[in-house]
Amino acid sequence: MPPPSPHTPFSVHPTPDGFMVCGPHAQTAEENRQEGTVSSIYVIIKGKSACIVDTGRHDACYAVLAAALRAHHVKPRYIVLTHDHYDHVGNAHRLREEFGGLVVAHALDRPLLETPLILFDPDAMGRAYGCSMQDAWLDLGFTDETIRNMRGAMERFFTVPVNADLFISEDVSLDLDGLELRLLHTPGHSPGSLSVHVPASGSVYTGDLTFWVNPCRPYPIGNAEHCLASLRRIRDLEPSYCGHGHYLGISDAAIWLDQIIGRHLHLEMSILSLLDTSRTISDLRRRIFPEDPFDSFSPIPENSIQAWMVALMQRGKIVRYAHGNSVVWQKTL
């Protein structure tokens with residue numbers, strides 16, 4: 001079941017803790033040319049103070065958010081970035097300059113936030129995350145030309161460096177005029193993904209932890225085991241409302257989270273059932289996702305499958321080996 005979509009792009013909707021701005025989820029270079037990128041932005045309000053969770057990107061999104069902040073007569077105290085993706089962080093500096101507020105992120109996402117093109121630097125990736133993206137791209141069958149084109153697109157459309165004011169390395173609580181906000185480390189979508197839990201209302205704002213298909217990036221940036229564990233952690237909070245990273249928030253949060261967890265488990269089982277013979281990731285993608293899932297297109301499903309393959313390999317369930325110019329996988333005997 002896809003998340004509910006807004007009827008009007010860049011529309012403002014009430015939430016249990018304040019309001020949110022949502023609109024189209026622009027992911028392609030063409031959509032970025034139209035300056036339409038916005039992921040769901042949540043504003044938690046207590047008195048005249050606010051905590052903004054993610055920021056969207058581009059002028060149209062910023063104008064709606066800025067007008068809503070003025071209409072509610074609130075001043076941001078915190079700007080929490082749930083993860084490094086450009087569509088969640090692109091207006092952070094502009095918000096801080098105009099309205100103030102402390103930009104907060106997790107330390108594990110710092111390299112990705114400050115230098116998005118680190119993905120293409122094997123040495124820097126090794127220092128930051130212990131391994132580079134080269135094995136992942138080999139798994140996915142990317143050619144040198146594919147990688148060059150991917151880097152070119154990132155440089156032109158998807159690179160938004162951000163310098164946060166505060167990088168946390170563990171769960172912390174923030175005080176918003178007496179309202180407790182719990183920043184929870186919920187990795188999987190990115191190494192430093194954060195969720196914001198408001199115990200007083202039972203709400204939780206998850207960024208793209210609840211996106212499907214997930215992880216959107218291959219291992220080591222995407223981590224399937226961490227994603228599933230983080231989803232279960234959020235589910236154990238029994239939230240009444242889930243601020244999803246795209247489109248409208250989810251009021252039947254427990255049901256929604258159970259569905260997302262079920263999809264992950266089904267994907268894992270589907271991979272294992274198909275690996276009774278050697279297969280490439282491309283072959284698995286065609287069999288598991290014959291059509292693009294909602295709001296996901298190549299290589300997002302392939303990336304998610306690769307992250308799950310690494311998780312299964314680390315558990316000793318499958319093996320990875322070279323076959324000619326391809327990387328193939330098979331269940332262990």
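## Cysteines

Cys-22 is buried, with a relative accessible area of 0%, where buried means under 20% relative accessible area, exposed over 50% and partly exposed in between, for a 1.4 Å probe and protein chains only. This is a predicted model, in which local features need pLDDT of at least 70 and side-chain atom pairs count only at pLDDT 80 or more, while totals for chains, interfaces and linings use all residues. Residues are numbered from 1 along each chain as its sequence is written, and side-chain values use heavy atoms, with hydrogens and water left out.

A search of the whole structure finds 0 disulfides, a disulfide being a pair of cysteine sulfur atoms within 2.5 Å. Cys-22 is accordingly in no disulfide, and the nearest cysteine sulfur, that of Cys-61, is 10 Å away. For Cys-131, the closest cysteine sulfur belongs to Cys-227 and is 17 Å away, too far for a bond. Cys-131 counts as partly exposed, at 27% relative accessibility.

## The second largest pocket

Cys-131 is also one of the residues that line the second largest pocket, including Leu-108, Tyr-129, Tyr-219 and His-226. A pocket here is an open set of points, on a 1 Å grid over the protein atoms alone, where a 1.4 Å probe fits, with protein on both sides within 12 Å along at least five of seven lines, and lining residues have an atom within 4 Å of a point.

About 160 Å³ of space lies in this pocket, the volume being the space filled by probe spheres set on the points, which are joined across faces, edges and corners. By class, the lining has 8 nonpolar, 4 polar and no charged residues, with Ala, Val, Leu, Ile, Met, Phe, Trp, Tyr, Cys and Pro counted as nonpolar, Asp, Glu, Lys and Arg as charged, and the others, Gly among them, as polar.

Strand E10 (residues 194-198) runs antiparallel to E11 and is joined to it by 3 bridges, pairing being called when DSSP finds at least two bridges between two strands. Val-198 has Ser-203 as its bridge partner, and the hairpin has 4 residues between its strands, with Gly-202 in the turn at a positive phi of about 75°.

Strand E12 (residues 241-244) runs parallel to E11, with 4 bridges between them, and Val-204 stands opposite Cys-242.

Conventions
Helix = DSSP H or I, 4+ residues; strand = E, 2+ residues; numbered from the N terminus.
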